[in-house]
Amino acid sequence: MPIISGFSKLSKESKIDWICDHYLSSNKNAKQVLANYWNSDSKLQKLHDEFTENTISNYYLPFGVAPNFTINHETYAIPMAIEESSVIAAASKAAKFWNDKGGFKAEVLGTTKVGHVHLNYKGDAQKLKDFFNQIKSQLITDAKPITKNMEKRGGGILDIELVDKTDQLDHYFQLHCTFNTKDAMGANFINSCLEQFGQTFEREAEKHDAFKENSPEVIMCILSNYVPECLVRAEVSCDINQLGKTKEEAEKFVRKFKQAIDIATIEPYRAVTHNKGIMNGIDAVVLATGNDFRAVEAGIHAYASKDGQYKSLTKISLEDQKFRFWIEVPLAVGTIGGLTSLHPLVKIAMEMLGKPNAEELMKIIAVAGLAQNFAAVNSLVTTGIQKGHMKMHLMNILNQLKASEGERLKAVDYFKTHTATHSEVIAFIEKLRA
C-alpha cells in the first residue's frame, strides 16, 4: 500500500476516501458504515472529531446502568460503558444481593500521586545530594505559576526527594515527586510540574561549581500511573448464615468461596482472570465517567504484583461467624478537566452519580469492581459461569444469525430452560427454519 504524506491535513471526507480506496476497496459498504456512525448534530460530531486525531467515525459502546447500589448508606445507579455480555447484569445482581445486608462500605485511604524526573549522573553521589538539598526550595518556587490554581483548591506539590538507584542501573538517580491534584486526574498538571523541575535542575547545575566535570543530565520527566498511595477500599460483610437458605448451605458456599479467593491469591494463572473480572466493573465506570482506563488498568495490575507475585485484588476473612469480603485498589481518577467537562454522555454519567468529587468517584468505582468479583465468584462456585453469561450472550448469537423477530422470541423462550451454547443456538435456529 502507498505511503501518504500530509494525511492529518486532509478533510475527514478525504481521509475516508483515501482509506476506502487503498485499504477497503473490496468492501463496497465501508464508506456508508463509517458515515452511519457520525452524529447528525454537526456541532456534536465536530466535538467528537476533535477528541483525537485523524477521526473518521465514532466507535460506539453500550452505555448502561447498574441500579440499586447502596454505598455508605447512599443509593446509586452506576453508569457503565461496556460491550461484554452479563457484566451489568452481574453487577446489578450483586448490588441487589447486598442491599438487605448493609450494602457496600467504602473509604479513601490516600490521594497521593507520583511523578519522576529521571537523571543520569556519573559523579560523586554525595555532591548530587548536597546540590539537591540546596535547590529543593527553588524547584518548588519555579513551579509556582503552574501550582498556583491547584493550591487554591487545596492541592499542589507534596514533596520532592532525590533517590539513588545506581545499585540497579549505573548512574541512575531520580527526583521522586508527590502531588495532590484534588478533583483532577492531574496528568497534565503533574507533567508540567515535572518538566519545570527538570529545567530548574539543569539550569542550576550548569552554574554549580561541583559539576564542572560531571554535570547531571535530565533523561525525561513523566508522571507514574503506579499510585499505591492513591488508594481506596470497598467491602461487604454479613453473618455467614445469611449466605444460604440453611446453615449447611451457607457454610458450604462460604467454604468454596474462600477457597476460590485463596486459589486466586497463590495461582497467577487464576489471579489474572479473577482480576480481569474485577476490571470489567472498574473499567466500565472509568470509561463512562471519561477517565483513563489504560492508566487505571496499568496501575491496578502493578499493585496486584506489589508483593513479588501477581495476586487476587480481593480478600476474604471468616471470623466470629462473619463473612467479610473487600478490595483495595489504587485509582487516579478525576471529576474535572479532560473529557469530564466535554463529553455529553460523561456529563450525564456524572450527574447520574450526583456530581461526585474525585474521592467519591474512587469509592463508586471500587465498589463496582468488588460487586463484579462477588458476582463472578458466586457463579463459579455454584451454577458455573457459563449458564448466566451465555443467556446474556444469546442476543449476540441471534444477531449474528440474522434471526427474525419471531425466531428471537422462540429462542429466548427456549433457552430460559436450556444452556445457550453457540452450537445449540445455531441448531435451534436451523431447526426452526427447516
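1. **Crossing of α8 and α9.** In this predicted model, helices α8 and α9 cross in a left-handed sense. Helix α8 covers residues 247–266, and its axis comes within 6 Å of the α9 axis. The crossing angle is roughly 115 degrees. The range 65 to 115 degrees counts as roughly perpendicular, and α8 and α9 are therefore roughly perpendicular to each other.

2. **Residues at the α8/α9 contact.** From α8 come I261, I263, A264 and I266. They meet P268, R270, A271 and H274 of α9. By class, this contact has 6 nonpolar, 1 polar and 1 charged residues.

3. **Packing of α9 on α12.** Helix α9 (residues 268–288) also packs against helix α12 (residues 358–380). Here the axes are 8 Å apart and the angle is about 135 degrees. The two helices are therefore oblique to each other. The crossing of α9 past α12 is right-handed.

4. **Residues at the α9/α12 contact.** On the α9 side the contact is made by R270, H274, G277, I278, N280, G281, I282, V285 and V286. On the α12 side it is made by I365, A368, G369, Q372, N373, V377 and L380.

5. **Overall picture.** The protein chain has 15 helices and 10 strands. Its C-alpha trace spans about 90 × 70 × 40 Å along the principal axes. Of its 434 residues, 44% count as buried. Take the contacts with a sequence separation of 6 or more: 70% of them are between residues 24 or more positions apart.

6. **Salt bridges: K12 and D49.** The whole structure holds 20 salt bridges. One of them pairs D49 with K12, with the closest N and O atoms 3.1 Å apart. D49 sits in helix α3 (residues 42–49) and K12 in helix α1 (residues 12–22), so the pair ties together parts that are 37 residues apart in sequence. K12 has 13% relative accessibility and counts as buried.

7. **Salt bridges: R233 and E107.** The side chains of R233 and E107 meet in a salt bridge, at 2.9 Å from N to O. This pair involves strands. R233 belongs to strand β8 (residues 231–239) and E107 to strand β3 (residues 105–108), so the bridge ties together parts that are 126 residues apart in sequence. E107 is partly exposed, at a relative accessible area of 39%.

8. **Salt bridges: D142 and R203.** D142 bridges to R203, and the closest N and O atoms are 2.8 Å apart. The partners lie in distant parts of the chain, 61 residues apart: D142 in helix α5 (residues 125–142) and R203 in helix α7 (residues 187–207). Their accessibilities fall in separate classes. D142 is buried, with a relative accessible area of 18%. R203 is partly exposed, at 36%. The cut-off for buried is under 20%. The pair also belongs to a network of salt bridges that links D142, R203, E204 and K207.

9. **T335 in its loop.** T335 is found in the loop between β10 (322–330) and α11 (344–352). With 14% relative accessibility, T335 counts as buried. Leaving out residues up to four places away in sequence, T335 touches D183, T340, M350, P356, N357, A358 and L361.

10. Two asparagines need a check of the backbone. N54 is not a glycine, yet its phi is positive, about 55 degrees. N54 lies in the loop between α3 and β1 (63–71). N54 is partly exposed, with a relative accessible area of 34%. N68 has a phi near 70 degrees, again a positive value in a residue other than glycine. N68 is placed in strand β1. At 42% relative accessibility, N68 counts as partly exposed.

Technical notes
Residues are numbered from 1 along each chain as its sequence is written. This is a predicted model: local features need pLDDT of at least 70, side-chain atom pairs count only at pLDDT 80 or more; totals for chains, interfaces and linings use all residues. Side-chain values use heavy atoms; hydrogens and water are left out. Axes are lines fitted to C-alpha atoms, for helices over the stretch in contact, and angles run from 0 to 180 degrees between N-to-C directions. Helices (H or I, at least four residues) and strands (E, at least two) are DSSP runs, numbered from the N terminus. Angles under 35 degrees count as roughly parallel, over 145 as roughly antiparallel, 65 to 115 as roughly perpendicular and the rest as oblique. A crossing is left-handed if the near helix is turned anticlockwise from the far one by less than a right angle, and right-handed if clockwise. Contact means heavy atoms within 4.5 Å. A salt bridge is a side-chain nitrogen of Lys or Arg within 4 Å of a carboxyl oxygen of Asp or Glu. Buried means under 20% relative accessible area, exposed over 50%, partly exposed in between (1.4 Å probe, protein chains only). Ala, Val, Leu, Ile, Met, Phe, Trp, Tyr, Cys and Pro count as nonpolar, Asp, Glu, Lys and Arg as charged, and the others, Gly among them, as polar.
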